[in-house]
Amino acid sequence: MKKIVIVFFMVFGTVFLGLFSGCGVYDKINLEKLSQEMATLKTSTFDLSKIQEAIETDSSEFGELENMDLDFIPSEYFQKDMGYLFRQEKSEINSVSMTSYIIVKPAEDKKDLLEEQIGFYYTKLLEEYSQKEDAKDEVKEHLQNIMKKEYNGYLIYILSNDNESVWRKIEANAHSILFENTKEAELEEFGILEKDVDEFKAVTSNQDTSASFYIIIRAKNGKADNVRKSMNQYMKELDKKWSSYLPREYELVKNYMNTEVGSYLIYVVSKDNQLVLNTIKDAIVKKD
C-alpha cells in the first residue's frame, strides 16, 4: 500500500510539473521587442475612412465628389455593416458625373447580383451622355474606362482621370496602422501605482481624434486587484470622454479588450483587438 501511495505521488508530481513548468506555460514577454512589433501592426479589414482620405487628396484624379447612397441596389445584396463608399462627382442639372468610385462588400451569394446592379449604374451614365447632341467620342471612351478590382472581399469600381494611380492609393492605404501617431505612456496616466507593478508597456495616442491605446502589465504578487481597479476607473473615464465626442472612436472604446495572458493584464482599444491579442500571445517566451 505504501508503495502504491509513493508511486501515485510520483506520477502526480510529474504530471503537475509537466503542466505548470514545461508544457507551454506562459512565462515572460520581451516587452521592448513586442512594442516594436506592435508599432507596425495593420488592420486586417478595410479602413474605408483612410482610403477615402488618401485617394481624394489629388483633385486631378476626380472632380468635386459627394457622398451617395447605394439606393439603386437592394440592401440585401451588400453588407451594410461592413461599410461602403460611393462617391460621385457633383454635376449640374442635365449633366453626367464624369468621375466616381464604389467600394462595397457583397452579401453572401449575392456577388453576381451586386455586380449586375453596379454595371447598370455605369451603363446608364454612358447612355445618358451618349444621348446628348454634343456628345464626344473621347468622353464616351472615358465613361467606359471603368477599373474593376476585388480586394479583401470588397468589389471596387474606379472611374477617374487616372485609375491606376487611384488603385495604388487604395492598395497602400487599405489597412491602416493600428497604433499610429502614438507615444509611450506612464503608469500615472492610468492611475496605477508603480509599487504595484513589476513591469509594463503602455502606448496612447498623441492625437485627440484617436482613442487607441494598449497597456500590458505584470503586477506584483497580490497587487493585481489594485491594477484592475485602477484600469476599471480609467476605462469609465475614457467611456465618458468619448461618448459625447467621435462616434467612430467611441465604438472602439465600448468594445475594448480586457484580458489576461499568464501573469499579464492586458487592456486594448484598437480597430483589431484580436490581432493585438494574437501578437501578444506569439511574443510569450515559454519555459523549456
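**Exercise 1.** List which residues Ile 103 touches, not counting residues up to four places away in sequence, and state whether Ile 103 is buried or exposed.

*Solution.* Step 1: take contact as heavy atoms within 4.5 Å. Ile 103 then touches Phe 46, Leu 48, Ile 51, Tyr 84, Leu 85, Tyr 154, Leu 155, Ile 156 and Ile 170, with residues up to four places away in sequence left out. This is a predicted model, in which local features need pLDDT of at least 70, side-chain atom pairs count only at pLDDT 80 or more, and totals for chains, interfaces and linings use all residues. Residues are numbered from 1 along each chain as its sequence is written, and side-chain values use heavy atoms, with hydrogens and water left out.

Step 1: locate the residue. Ile 103 is in strand 4 (residues 100–104); strands (E, at least two residues) and helices (H or I, at least four) are DSSP runs, numbered from the N terminus.

Step 2: apply the cut-offs for relative accessible area: buried is under 20%, exposed over 50%, partly exposed in between (1.4 Å probe, protein chains only). Ile 103 has 0% relative accessibility, so Ile 103 counts as buried.

**Exercise 2.** Find which parts of the chain are tied together by the salt bridge between Glu 61 and Lys 169.

*Solution.* Step 1: check the pair. A salt bridge is a side-chain nitrogen of Lys or Arg within 4 Å of a carboxyl oxygen of Asp or Glu. For Glu 61 and Lys 169, the closest N and O atoms are 3.1 Å apart.

Step 1: Glu 61 lies in the loop between helix 3 (48–55) and strand 2 (65–67), and Lys 169 in helix 6 (residues 163–173), so the pair ties together parts 108 residues apart in sequence.

Step 2: check the cover. Both Glu 61 and Lys 169 are buried.

**Exercise 3.** Describe where Asp 225 and Arg 228 lie, and how far apart the closest N and O atoms of their salt bridge are.

*Solution.* Step 1: both residues lie in helix 7, 3 residues apart, about one turn of the helix.

Step 1: compare with the cut-offs. Asp 225 is exposed, with a relative accessible area of 56%, while Arg 228 is partly exposed at 26%.

**Exercise 4.** State how many salt bridges the structure holds, and name the residues linked in a network with Glu 199.

*Solution.* Step 1: the structure holds 16 salt bridges.

Step 1: Lys 28 and Arg 218 are linked with Glu 199 in a network of salt bridges.
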